[in-house]
Amino acid sequence: MELARTNPGVISGKSAVPRVDGWTAGAFLIAGLIAMPILAIIALALAPSDDIWHHLASTVLPHYLTTTAALAAGVGLGTLIIGVGTAWLVTMFRFPLRGVFEWALLLPLAVPSYVIAYVYTDILEYAGPLQVALRDFFGWTSRRDYWFPEIRSLGGAIAMMTLVLYPYVYLLARAAFLEQSVCVLEVSRTLGKGPWRSFAQVALPLARPAIVIGLTLVVMETLNDFGTVDFFAVATLTTGIYDVWLNMNSAAGAAQLAVLTLVIVALLIAAERWARRKQRFHHTTPRYRALAITPLSPGRAALALLACLTPVALGFLIPAAQLVGFALDHRPAPGTGRFLDLAANSLLLASITAGLAVVIGLFLAYGVRVSRSHWLPAAIRFASIGYAIPGAVLAVGVVVSLAAWDNAVDAVARASFGFSPGLLLSGTVFAMVFGYLVRFMALSFGAIEASLGKVTPSMDGAARTLGHSPLSVLRRIHLPLLKGSLLTAAILVFVDCMKELPLTLLLRPFNFETLATNVHQLASAELLEQSAPGALAIVAAGILPVIALSRTIRRSRPGQGPLGNRP
Amino acid sequence: MSGFGMEGIVHAFGSQPVIAGASLDVAEGELVCLLGPSGCGKTTLLRLAAGLERLQRGRVVIDGKVVANAADGRHVPPERRRVGLMFQDYALFPHLTLAENIRFGLGRNSAASAFRVEEAMARVGLAPYAQAYPHTLSGGQQQRAALLRVMAPGPRVLLLDEPFSDLDVNRRVQVRESTLDLLKESGAATLMVTHDPEEAMFMADRILVMNAGSIVQSGTPFDIYFHPADAFVAELFGPVNRLPGVVRDRAVETPIGRFEAPGIAEGSPVDVLIRVEGLVVMANGAADGSPPVAARVVSSRLLGRSSHLGLRVPADGGDIALQCRVPGIPPLGPDETVQIKVDRAQAFVFPA
Amino acid sequence: MTLHKSLRTAGILVSAVIGAAAFASQAMAAGEVNLYSFRQPFLIEPMLKEFTRQSGIAVNVVYAENGVLERIKAEGPNSPADIVLTVDIGRLHDLVEAEILQPVKSPVLEANIPAQYRHPDGLWFGLTSRARIVFASKDRVRADEIRSYEDLAAPHMKGRVCSRSGKQDYNISLLASIVAHKGEQAAREWLAGVKANLAQKPQGNDRSQAKAIMEGVCDVALANTYYMGQMLSDKNPEQKDWAQAVRIIFPNQDERGTHVNLSGAALVRGAKNRDNAIKLIEFLSEDVAQKLYAETNVEYPVKAGVALHPLVESWGPFKADAIELAQVAKFRPLAARLVDQVGFDL
């Protein structure tokens, strides 16, 4: 490595001559805007307030912490096992329906966790079909005759969240496995390790950074979830935040708890980075050979099939079938007269947000690449931590910061032009999109930043010296190479926006409904069945993008071009 | 003037100086090698020439036109310089086929260019891989593809950054020759960066030796090898025997003989550098000219085409250790005594 | 799809969004009234439609729960909100505490709404009430076993009580009323007693309490009146079964009365459509709207003389706790702490 390479310029070269770097400034500006709601929450936490800590510490805080830790650990472990295990199976082995599972394993991503919780409660509770069938079969007459696991419990919450969140781990683990050169696995085999030990000692550690990103997303989603834990009466830090906020009437105390959650998340991430600080995960060989797909014996193939079918069935097929059943029974639900409008609102919002998130993520990722500022990556990471904040709390952060902006603009306008424009951004679609961007920046920036590393600085240089302008380089080299991850980012944001609830509820304009708010208003009135069409529409809207996502990942494998060796 | 030149280049990354005043020129059709150890600023010089870095001081001239000038801020962007730059890692685009990669620098226009690409690929044996993706090819194939890609637009100036370093040794020799043919044919002014002196000797019409951001010597391979400007240049070509001494009567006396030290002040300390191949073992003590010196063999190893001898020569302050390289099988075993003499063309005296 | 195309599209969409935002913010014209509602829109739609039909005033609604108060506070004098509709006395109290309401002096409201159900200074007005009653198994609970909330904590109910989360608004409100009547210590002891009697960890919603009773998990549970009506009129036959497994008991009829909670309306301090807003609140307190509330939501209208839902009518009159609800609301934070201290939900 020569010096020039340690300091790669991307589009404009870098030099010691200080120049005004518009890109860095722009990236800081955007990161700052996106961080505003988080800063607002921190400001709220620092505001003078009643001391809730003494009360919490002496009563429920230890319980909140242990439940939250158990929930996060349980969901983390569950998603790790399912996500990594299935990713390894579909990447390395041949068994029936493998090609279908490649994409089908992602389907639960489209199911909101609050919906799956409702659905399974309905199926598994005492009066549900399963227990009824068991009672009929065994001749039991009441609950006291037998034991059945309680779905509304910590275990139930872990199971529900695992089922809908494991696709994040699957997604990233699979992409990482596909990127690994088979050479490193073969080296391991020749060094006397069996296929399983090669997996555990080579493939898994190599995929670790990707898996950790997936797990981080999972844990952040787990921590920000309120719907499921509330419904299952599991007292976590998040339910505590709501309680302190709404029942003890201490928004500041709630913000303090939220900041505590953020600190825990930040520490976890830092600890993981520290633990692998000395390892490098670059591929040491530039040459790839197609992974040899190992055929399995019939018995093992059946096991592999079962291992992949179970999460898909539990996380998608069963809930979807149940929703279809509900929807057929309850077509004319109240408030669904404008059902197409709701769907259009949801789709439009999710699409706009996904597009913007990609553009902004791309801009920030380039900012990090071009900029010499060490503060920029830190600023962006801070701005993308909104993903770990419970939605309603983040919503308040967004409301507070946008209203502050609006009122400032209003004051200036009144002082200088003598008229009041009122609140320009608050309570508009813009506010919603902004809120979504704040919430989902972690998804889009993370996905894009990771893949930008694949475009080496010398590729830029080669393209430039071959007569292509910076714009042309972007178009002909970067975008084709980043296409997969841009699409991944867009789809993750899209699917998450479709499901998003607390921000949508609080930030929307008057008379504006989406599928998610429709589902919520019916479900919160305890009209579960009538919320099914909306829930089903959310799930359906997620299916096609999720399938597209799987195809993208498959193509991301080096050698999967038109003439590459397709397994 | 056709060809290309860089004048008075000074460059730093932050507070770290990289190039401390370098000037060079390469004539049309000439192949100049920039030789130096890793981190001496060679690659930066190439990037400056290509326009990938902005000049901080100095100017770059291509075909008589100033394309970059730090003084007036002129900076023709890389895509308009007609400079081809081949990267050490080849930087082939993974999402494009070989043919698409090679055609990347050509305008969309002519069918003629497509024809030329196919012809060129056929010539270097890449025709069967036109539709393959880069990562499916061997290193040698990737290297040729990268070279073709650089040359396809017919650049006036070619810059090659360690073009053979990713190849294994045998492959390298073979690829060098075919590359040299292609380069010579193109008639472009070529500047090639390498840290391998043998490679530089093989390829170059002229060698520029670079050290710590400065060009320390420029000359033909012969000049550089037989008239190194300093100890650094002399040592580039492999291990040397270093004998310290002091200049007396315009010469320096060593245990193995007296060496002229023209132009070095009387009484100043110097080093006599003798290449390992510059020590000649005399068959049966036969002398010609300068008197031979007796040496005891300490070790002898066969290296293949040549052998390596470790020697000891008695001197006032104790024995001095010498090493030398002789063709063929080692003539002697340990503890035997031989007569050696110095090939004066391979011995140099530099101020210490 | 090529990416640069989609990027270009995204660019156009950005402009469109900002344009739409500007447009939306100017849409506040005359002849409107803007609601921030804690209540699901489909439950108030009939009343609002009727109001618009009669008055020609358009009603705009944002339905949200958590954060509405913070939103109004943050928006400040520029807030577009005119009225807040809530479904719980606690929320009304929070709005008062946050000082974002303005008093309304209206003879119509004062005539229609009993003093107990409105703020002394006219900062909020109750529109409907619901009683916190006991669902009891028709088969397994004798009439004399549960006569009061206090009986839920009595030793003979050991292992027979179900509850949703103690932190749920209606339970907090009930507990706050007990604090108001009997003091903190008595309330804590009562809550601990109920906890000791629980058949399972607090969970689910009001309907699932009925379900649990039907399933034999427990014999009694606390619930709001209107859920009974909603379950009985639900299209799902299952829910009718749940409802039919239980009978309802109005507790404490011989003494202070059954705890009631309110849904209500309040006028926002900076309301731009103040006159329209008062018109709407008045309309909601009048016979037409009160009757619709009674019919669609199976709640008790606050206005005397309005016909009840037949089902509600069939339960007969009951004695409601007459304590001023503003007093009860003050004890809500304390009640929430008591729930933590007793470890009710754990």
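Analyst: In chain C, 63% of the 346 residues are buried (under 20% relative accessible area with a 1.4 Å probe, protein chains only; exposed is over 50%, partly exposed in between). This is a predicted model, where local features need pLDDT of at least 70, side-chain atom pairs count only at pLDDT 80 or more, and totals for chains, interfaces and linings use all residues. Residues are numbered from 1 along each chain as its sequence is written, and side-chain values use heavy atoms without hydrogens and water.

User: How does the radius of gyration of chain C agree with a compact globule?

Analyst: The radius is taken over C-alpha atoms, and the globule rule is 2.2 Å times the number of residues to the power 0.38. For 346 residues a compact globule would have a value near 20 Å, and chain C agrees with 22 Å. Its C-alpha trace spans about 70 × 60 × 40 Å along the principal axes.

User: What share of the contacts in chain C with a separation of 6 or more joins residues 24 or more positions apart?

Analyst: Contact means heavy atoms within 4.5 Å. Here that share is 79%.

User: Where is Gln116(C), and which residues does Gln116(C) touch?

Analyst: Helices (H or I, at least four residues) and strands (E, at least two) are DSSP runs, numbered from the N terminus. Gln116(C) sits in the loop between α5 (107–112) and β4 (124–137). Leaving out residues up to four places away in sequence, Gln116(C) touches Asp321(C), Ala322(C), Ile323(C) and Leu325(C). With Asp321(C), the side chain of Gln116(C) reaches the backbone oxygen at 2.8 Å.

Key:
Chains lettered and ligands numbered in written order. Polar contact = N/O pair within 3.5 Å; in protein donor to acceptor, adjacent residues only side chain to side chain.
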